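Dear colleague,

Please find below the sequence and structure that I am handing over to you. My notes on what was found follow directly after.

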Amino acid sequence: MAGAAQTPAPRRSSAVDRVRTGVHEKAAHLSRRARRLLSRQLRKARASDSALLQHAYVAGRQGVRRALNLVTDRQVGWVATLWSARWLEGTTYEITGWAYERGYGHPAPPRVEVQLRRRGTAVALRADVEPVTEMEVNGLVRRAEFDYANTGFVARLDLAPLLRHGPGPGDDENDVWEVHVSVTGADGRARSGTLKNRRGAGSAAFLDARTFADGRQLRPYWVQGRGLCLRRVVPTATATAVRVEGMTVGARVALRGVDATRVELVSLDARRPMDVQPVAGDPGTIEVSAKVPLTWTSTASESELLAPDADEATSDPQESTVTGGAEEISGEQSALTRPAPVGDPHEGQRVAAQVYRVVVIDDEGGEHVVATTLDQTPPVQEPRSGLLAYAGDSGALLVSESGVALVVTDATVEPGPTPALRLTGTWGGTAGTLALSLVGRRQTLEAELDLAPDGTWSATADLLQGQWGGPARLPRLGSYVLRGVDDAGATVRVMTAPGLLARTPEKLPVPEARLRLEVGQGRSLRLRVGITRAADELGSFHQRRMDAAYLSGPHEPQQSVYLESFYGRLATCNPFALDAVIARQHPDWVRYWGVTDLSVPVPDGAVPVVEGTQAWFDARARSRYVIANDWLRRRFVPQPFQTVLQTWHGSMFKRIGLDRPSAGASTRAALMLERDKWDVLLSQNHHSTEIFRSAYAWEGTFFEEGYPRNDALVGGSGAALRERLGIRPDQRAILYAPTWRDNAEGMVLFLDLERLTAELGEDHVILLRGHSRTVGQGSSVELPGVIDVTTYPSITELFLASDAMITDYSSVMFDFSVTRRPMIFYVPDLDEYRDDVRGVYFDLEQEAPGPVVSTQEEVVTAIRGLDDTSGYADRYARWVERFNHLDDGHSAERVVRRLFDTG
């Protein structure tokens with residue numbers, strides 16, 4: 001078309017361009033191969049037993065680090081951690097931590113120096129440093145080549161010189177001081193740098209300011225990449241007196257170089273105006289006050305209300321906003337508070353707890369966060385009110401509104417055979433009664449709470465508590481937040497007072513455990529439960545040392561049996577049933593149980609040994625019999641005198657081992673390495689025997705004797721457990737036991753349990769049982785009509801307590817059938833699971849002894865039709881004959897007899 005713009009023809013690449021492109025692609029390919037080869041050789045050198053290769057590896061790594069540190073500010077290889085920070089008397093500031101260079105150990109404690117350097121100058125303040133040995137350092141190091149425990153320090157800085165610089169407001173903007181640490185070994189080698197990391201659950205995350213008589217503040221703060229910094233500030237607005245009366249908060253505010261056009265309370269969700277009154281005779285001072293109403297929100301998810309975690313809090317006060325950071329109320333404490341009643345103007349909404357800052361707005365619209373002189377004093381509170389006023393990050397005045405509030409002022413441990421955590425504090429609000437507990441991911445430690453009319457309270461939480469009616473034991477590993485709940489079931493705020501916060505992280509004097517107090521987001525008090533290991537067993541360095549001693553041998557055999565179930569997470573399954581027979585028939589044999597921690601209950605008379613302890617290594621090395629229901633993994637090497645019985649943990653519907661479609665060369669190598677540790681393989685039935693032959697290329701000895709764990713199902717009763725769980729005789733208990741998924745983390749719940757229980761009514765109860773692999777993820781489900789039994793030790797007892805079961809691809813289908821009770825197979829992802837995720841051994845829809853359904857509506861229909869079992873009677877009979885013909889109640893006796901005969 002005339003006048004139309006023509007699109008230029010694409011430029012054809014010339015021969016030179018093609019050659020250049022080919023050269024670049026070849027170079028990139030060679031570069032990638034070279035990097036992979038170098039990485040492989042470095043790993044080999046690091047793991048080599050050759051002293052020459054080890055030396056070459058270390059020398060090469062040191063050279064690279066020196067080069068990088070010379071041309072960049074990355075501080076490669078430098079580890080410097082702030083563990084705690086607190087104010088002492090006057091201008092003294094104390095910090096604790098450790099510092100070292102990776103790859104360098106110190107046979108004798110190194111000399112540690114701590115300085116506070118004025119940024120951009122040569123001015124520095126030297127701290128008084130006390131060296132300490134802190135074994136926790138090793139517990140936080142991966143692949144440690146040395147013991148770094150002797151690199152700990154306690155440093156005390158006298159910050160009085162900082163107050164002598166600069167006359168007043170605005171002069172301190174660039175007056176930044178940074179903490180630097182230097183470590184010098186006995187050989188004279190020195191390394192220094194700033195603090196690079198900090199503990200995010202304690203005083204290091206809540207860097208409180210200190211206010212002095214002339215109004216100036218010293219403010220510690222954290223800057224990513226620069227570590228701990230301090231700044232001297234003269235606030236433009238300071239609250240010199242704060243009061244709380246009912247739901248009204250007031251303060252006297254001194255202004256410096258700023259006029260207050262208005263003053264507001266500002267939170268994440270709201271801005272509240274405050275009344276402002278000038279103080280007669282003092283033009284630079286105002287009185288501010290406001291009634292703080294409840295904040296209602298229709299937010300569907302509480303996570304939308306939460307601020308970043310403590311480690312993500314804004315670090316520099318010059319960059320801070322008026323809200324956000326670690327001071328905001330944590331998720332555990334803002335969890336669904338009381339909703340508005342039906343007919344209320346706020347119906348459909350709920351109360352959202354708030355943390356406000358007091359903000360002065362000047363005539364140009366500038367916002368000035370009001371500081372406070374409260375510093376490390378307890379929050380301002382009164383018994384009738386849920387309001388709290390206290391000093392927050394960067395010395396700001398914070399006002400918390402949560403309806404009811406408890407402040408923890410002190411925490412101590414009552415020692416003895418039954419240690420207890422004793423808590424005291426103050427409270428305010430209108431609640432009739434309160435319940436207090438330490439809430440973990442899968443366990444809750446109840447506390448006895450005593451509220452006094454004068455606004456004080458005390459509580460005691462036993463640190464050894466039983467689960468499911470079992471013996472009192474240490475809590476499971478993890479973090480437990482102190483949570484308060486009112487008589488309406490709404491959570492209330494529980495906050496740590498500054499004096500207690502300054503002590504955290506604090507080790508608790510309980511010899512048999514590793515417990516410490518910590519503080520999380522919103523200043524919530526937490527109990528951290530660590531793995532029970534001795535100081536010289538913590539961390540990868542000591543684990544490697546014990547590994548080496550174990551591998552070097554030799555070991556003297558002992559008349560003992562080592563048992564392990566699900567990698568030590570439980571003491572159940574086939575090993576548990578065999579343990580009972582061994583205890584009865586061979587009482588003179590010691591029975592060791594490998595456990596992940598001491599919260600795992602073991603059978604009476606057995607000896608628990610925690611994974612990674614010296615006792616654990618010794619038990620594995622010396623026991624004549626080793627019994628496990630899962631992989632023993634690389635840390636186990638069978639001794640010449642040992643017989644290893646692999647019981648496995650279920651017959652197979654889903655493909656395992658080499659039969660899995662995803663099994664590649666590395667998987668095959670790992671399988672062969674593990675398989676070669678076994679002497680005998682237990683099989684429940686001939687179906688499993690044939691699968692084991694292919695899935696593990698097993699040509700060794702089989703004990704095809706049924707499953708010992710199912711002996712209890714023959715003639716057993718679940719009446720006692722039903723009573724313990726609160727299941728009425730007229731209720732039908734449905735066990736829902738889905739398996740884990742290779743393509744998903746945590747428990748997979750395709751059922752909407754809230755809707756399911758509503759449809760079934762109160763004459764049904766759902767027993768929710770997550771797979772052992774998912775115990776560490778998620779938290780317990782709390783719904784009416786649902787009992788989360790994921791942490792209940794024995795699934796066999798749950799089988800007996802249930803009237804029917806819903807499952808999917810789990811091996812529980814082959815065990816529950818011993819009871820002859822109805823099963824429902826809920827498999828909405830059957831096609832994906834069979835064809836893409838895992839693969840299966842037979843057609844479930846053709847052979848299942850119960851309905852195979854894919855929708856929740858079909859599940860409800862199947863449950864309502866459980867009384868009519870005639871439709872699946874023939875299938876069920878064929879199923880039992882194929883899979884359960886050896887489950888006759890005497891499997892464990894046969895297995896133990898054959899096992900000890902082999903010895």
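Which residue in E26 does Val413 stand opposite? Val413 stands opposite Leu421. The model is a predicted one, in which local features need pLDDT of at least 70 and side-chain atom pairs count only at pLDDT 80 or more, while totals for chains, interfaces and linings use all residues. Residues are numbered from 1 along each chain as its sequence is written, and side-chain values use heavy atoms, with hydrogens and water left out.

**The chain as a whole**

The chain holds 19 helices and 47 strands; helices (H or I, at least four residues) and strands (E, at least two) are DSSP runs, numbered from the N terminus. Of its 903 residues, 54% count as buried, where buried means under 20% relative accessible area, exposed over 50%, and partly exposed in between (1.4 Å probe, protein chains only). Among contacts (heavy atoms within 4.5 Å) with a separation of 6 or more, 67% are between residues 24 or more positions apart.

**The antiparallel strands**

Strand E25 (residues 405–414) pairs with strand E26 (residues 420–428) in the antiparallel sense, over nine bridges; two strands pair if DSSP finds at least two bridges between them. The two form a hairpin with five residues between them, and Gly416 in the turn has a positive phi of about 125 degrees. E26 also pairs with strand E29 (residues 456–462), again in the antiparallel sense, over seven bridges. There, Asp462 in E29 is the bridge partner of Ala420.

**The parallel sheet and its helices**

Seven strands make up an open sheet with parallel pairing, in the order E37-E36-E35-E38-E39-E40-E41. E37 and strand E41 (701–704) stand at the edges with a single partner strand each, so one side of each is left without a neighbour in the sheet. On average, neighbouring strands of this sheet are turned by 25 degrees against each other, direction ignored. Within the sheet, strand E39 (residues 643–646) and strand E40 (residues 680–683) run parallel and are joined by two bridges, with Gln646 opposite Leu681 in E40.

Helix H7 lies across E35, E36, E38, E39 and E40, and runs at about 160 degrees to E36. Axes here are lines fitted to C-alpha atoms, for helices over the stretch in contact, and angles run from 0 to 180 degrees between N-to-C directions. Helix H8 lies across E35, E36, E37 and E38, at about 110 degrees to E35. The buried residues of H8 (residues 614–622) are Trp616, Phe617, Ala619, Arg620 and Ala621. These residues pack against helix H6 (539–552) as well as strands E35, E36, E37 and E38.

**Helix pairs**

H7 (residues 573–585) and H19 pack with their axes 9 Å apart, at an angle of about 65 degrees. On the H7 side the contact is made by Ala577, Leu578, Val581, Ile582, Arg584 and Gln585, and on the H19 side by Ala892, Glu893, Val895, Val896 and Phe900.

The axes of helix H12 (residues 753–760) and helix H17 (residues 856–864) come within 11 Å and cross at roughly 35 degrees. Here Arg755, Leu756, Glu759 and Leu760 in H12 meet Gln856, Glu857, Val860, Ile863 and Arg864 in H17.

**Individual residues**

Gly889 is placed in the loop between helix H18 (873–883) and helix H19 (891–902), and is partly exposed, with a relative accessible area of 21%. Gly889 and Leu713 are 176 residues apart in sequence, yet their C-alpha atoms are 7.5 Å apart in space. Leaving aside residues up to four places away in sequence, Gly889 touches Asp711 and Val714.

Most residues other than glycine have a negative phi, and most peptide bonds are trans.

- The peptide bond from Thr504 to Pro505 is cis, with omega near -5 degrees.
- A cis peptide bond also joins Gly553 and Pro554, with omega about -10 degrees; Pro554 lies in the loop between H6 and E35.
- Tyr567, in the loop between E35 and H7, has a positive phi near 60 degrees and counts as buried at 15% relative accessibility.
- Cys573, in helix H7, has a positive phi near 65 degrees and counts as buried at 10% relative accessibility.

With kind regards
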